[in-house]
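Here are some notes for a first look at this model. Please read them with the structure open.

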Amino acid sequence: MNTGKLAFPMPLPAGVGTPSAPGGLEGQTSQEKPVRISVRRSRVDGCSTKDPAMFKTEELQINIGPQHPSTHGVFRMLVTVDGETIIDLKPVFGYLHRNHEQIAEQNTYLQNMPYTDRLDYFNSMANNQAYAMAVEKLAGIEVPERAEYIRVLMVELTRILNHAGALGFLINDMGMWQTQLAFGMREREKILDLFEMASGARMMCNYFRFGGVVRDLPPEFMPKLKELLVAMPAFVDELERLLRENEILMQRAEGIGILPKELALAYSVTGPVLRGSGVPYDIRKAEPYSVYDRFDFDVPVGSVGDVYDRFLVRIEEMRQSKRIIEQIVEQLPDARGGHINPRARQNVRPPVGDAYARIESPKGELGFYLVSDGSPRPYRYKVRAPSFINLTPLGDMCRGYKVADVVVILGSIDIVMGEVDR
Amino acid sequence: MTVKIERGQIVTVERGKRTARRLPGMGLLDGMAVVWKHWAGSFRKNQGFNDIHGVFTYEYPEERPKLPEAYRNMPILLYDDETSHELCTSCFQCERICPPQVIHMTQAKDPATGKPVPAVAEFVIEYDACMSCGFCAEVCPFDAIKMDHEFELSTADHQKLTVFKEQLNRPISYYERIAPTMWAEVRDGAMKKLQGNIKRRPDVIGMAPNLAEKIAARRRELEAAAAAATAPAAPAAAPAEGRKLTPEEKAAKLAAIKAANAAKKAGDTVEPPVAPAGAAPADEKAARLAAIRAKNAARKGEAPDAPPVVAGEPAGEAPPADEKAARLAAIRAKNAARKAAEGSDGAPVEANVAATEPAAAPPAAGAATSAAEAATAPADEKAARLAAIRAKNAARKAAGGGSDAAAPTTTGNVDSGGPGASDDAALS
């Protein structure tokens, strides 16, 4: 093996491993840790040994998926390998395509709300919020203060449960079968219990309406939420203790699947993947929607942009979400107004125009673009799905690594096929 | 490394080991400690939301989670326990809003006239395509469709997932049990609307089809009522074997409302040409008072001071007090209506009398209704209904014939109208 040669598929940008924030991260810069970059043999000679005739290898095209437990759904990766090394990877999606946008254009605005639950079925509340915001923007509906707080509360709970699940699946993909997943799922179940109390369903919440939420929080919700907040730091700390310094995890995650900052920006990657690459971009801060400008919270960013950074960013985001929820619990009793704007009609008929609303969903920027022609049905309905956009640089992230790393890299992007394919 | 931004900061996450002097493998051992802690915790139950260790699973088929009230799975249709009337009026709101379009219904029609009736003939929900969004329950203006808590719907027969009205029907008491506060919020409005709709449902239309014996009893009652309308002696014959449908209170209320409506109609139509302008409000008041009095008398159940002057009763046993009271009330209402039509000046006097009578009523009213249910109820209801019909007829006659309609000429009304008139004369 030609181990000495370092052939990264793209020229490594100067930003990798260097500070991203303007304040400077020089002291931090990954402590000059040698980033493991796998060797990639040249496509041209096909063999890197001294004697080409002896170890002549061929490129091989194989499919990972569409029915593969590591692909998080029906998703196919057309991988060109040379031995164990990935030379090229093409993500092929569309197996779960169910005409979501076309269906939405034949439904009324309200009828689309339960359909948005099915996009990213882990984060139905976040989807609901993005869609409700888009329609409210289009139709000019105001949301009472209390409703906004309830919305933010729900979306932040969603973020915690998404990251708890996503990290569990990531560790699952690494081979630590079910341990962390079970721990994460337990916390997730508690949050789902809260969702069930409020909205009536655990996953397909369908809780948001134009101008608020469908019903106010039940009286038993807040005590349970406070109990959950007591347990939350212990859970996150335990998760960190279990995995953060775990040597096996570090070997599988450090330096794997590096997504350079420039490349991430070029691919319009958002969410924890982008922040893991060191770009401090969070819509909650960049363009504060709802009542996010009233809460103190930090934006965690990574420094290298590998799987490990994404892992750490997600852990930190759970802490920040918990911080936001604590502030909501403090501020909510004072919030005026009911849970829904009583004048908001649900069978909206927005004026002619278009609107784009975006939120920081747990997976990234989730946006809904709606065009109205004045009828009760959207003329055009477009979802800017974070999973889909974040999946596109998969080929560049995997190139040069081993086949076993592909699974981990895919797990670190945190995709939900329901949102990718729509 | 941190950068301050508005209301927070940008934090670069710390990578790798936190202490440089750690031995290799310590991270693994640390993780093992966590797993060990969970293992040790698995011998006890999870204490609640603030506990992250312990067994948190349910032993499902034996042990079931308590579902929150708001839980929604599949839509069901409600019907009233007492009358077995369905709350649904086939307004098509749920069919229209259903995102996957799995609700289908047809509106019931009156077989006699062919006009649509506020009741549903058939109602189908395709459970296999239902997405449990709960919109149908949200939009229903009559609170007829609600979301069930039943979630064990798996079946080997796909056809069973197309659910018809008979399987969708649940009594209100069932929903009240699974969602008490949510039902309490809407109960009053729903029941009021239901009462309004029952009035517009002829025959057994709108009754839950799975209550065959109730419907049979109702059919018998309707037949008996029809017979009673032609031959007034019929109601006091042997009481129908079927169970009672509505408490007599409700029936009497219905009668009173009908009487009041009829009286009002009579007053509106006939008054302007006949009566002087000043007398009009008094007349209307009198009619309304009479209606209230009729209601009170009926509710009183056994009116001790009610004079047993009702003629036309069979010679055998004495008629039940309820029936007597209801009939009396109807007579009074009729008289009031007639008076309203005539525009007589005696109305205020009568109103005074009417006002004093409820005050004199003994407070045994509430108990009497429930006590007198079993045996006498069908007769009572029948009598009340009959009285209402008579009152309406009288009012109509009064409106149509003007002042000379005071003399009852119809054969059906002779027996009760005659004494009623004398009673009224005695009062005024």
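1. A definition comes first: two strands pair if DSSP finds at least two bridges between them. With that in hand, look at A:Ile64, which stands opposite A:Met77 in strand 2 of chain A. Keep in mind that this is a predicted model.

2. Follow strand 2 of chain A to both partners. Strand 1 (residues 60-64) of chain A is joined to strand 2 by five bridges, and the two run antiparallel. Strand 3 (residues 85-92) of chain A is joined to strand 2 by seven bridges, again in antiparallel fashion. As a general point, strands of a sheet pair through backbone hydrogen bonds, either parallel or antiparallel.

3. Is strand 2 of chain A mostly covered or mostly open? Mostly covered: of the seven residues in 76-82, five are buried.

4. Now the turn. Strands 2 and 3 of chain A form a hairpin with two residues between the strands. There, A:Gly83 takes a positive phi near 70°.

5. Move to chain B. An open sheet of three strands has the order 4-5-7, with antiparallel pairing. Which strands stand at the edges? They are strand 4 (103-109) and strand 7 (162-163) of chain B. Each has a single partner strand, so one side of each lacks a neighbour in the sheet.

6. Check the link between strands 5 and 7 of chain B. Two bridges join strand 5 (residues 116-126) to strand 7, and the strands run antiparallel. B:Glu126 stands opposite B:Thr162 in strand 7.

7. B:Gly134 deserves a look. This glycine sits in the loop between strand 5 and helix 3 (135-139) of chain B. Why does B:Gly134 count as buried? Its relative accessibility is 5%, and buried means under 20%. Beyond its neighbours within four places in sequence, B:Gly134 is in contact with B:Arg72 and B:Met147. The C-alpha atoms of B:Gly134 and B:Asn73 are separated by 8.1 Å, though the two residues are 61 apart along the chain.

8. Last, the surface of chain B. B:Leu23 lies in the loop between strand 2 (8-12) and helix 1 (26-41). B:Leu23 counts as exposed because its relative accessibility is 56%, and exposed means over 50%. Together with B:Met26 and B:Leu29, B:Leu23 forms a nonpolar patch on the surface. The accessible area of the three together is about 290 Å².

Note on methods. Residues numbered from 1 in each chain as written. Chains lettered and ligands numbered in written order. Predicted model: local features only at pLDDT ≥ 70, side-chain atom pairs only at ≥ 80, totals over all residues. Heavy atoms only, no water. Patch = residues over 30% accessible without salt bridge, like charges linked within 9 Å, V, L, I, M, F, W, Y side chains within 5 Å. Areas by Shrake-Rupley, 256 points an atom, 1.4 Å probe, with all protein chains shown as cover. Salt bridge = Lys/Arg side-chain N within 4 Å of Asp/Glu carboxyl O. Helix = DSSP H or I, 4+ residues; strand = E, 2+ residues; numbered from the N terminus. Buried < 20%, exposed > 50% of the residue type's maximum accessible area, 1.4 Å probe, protein only. Contact = heavy atoms within 4.5 Å.
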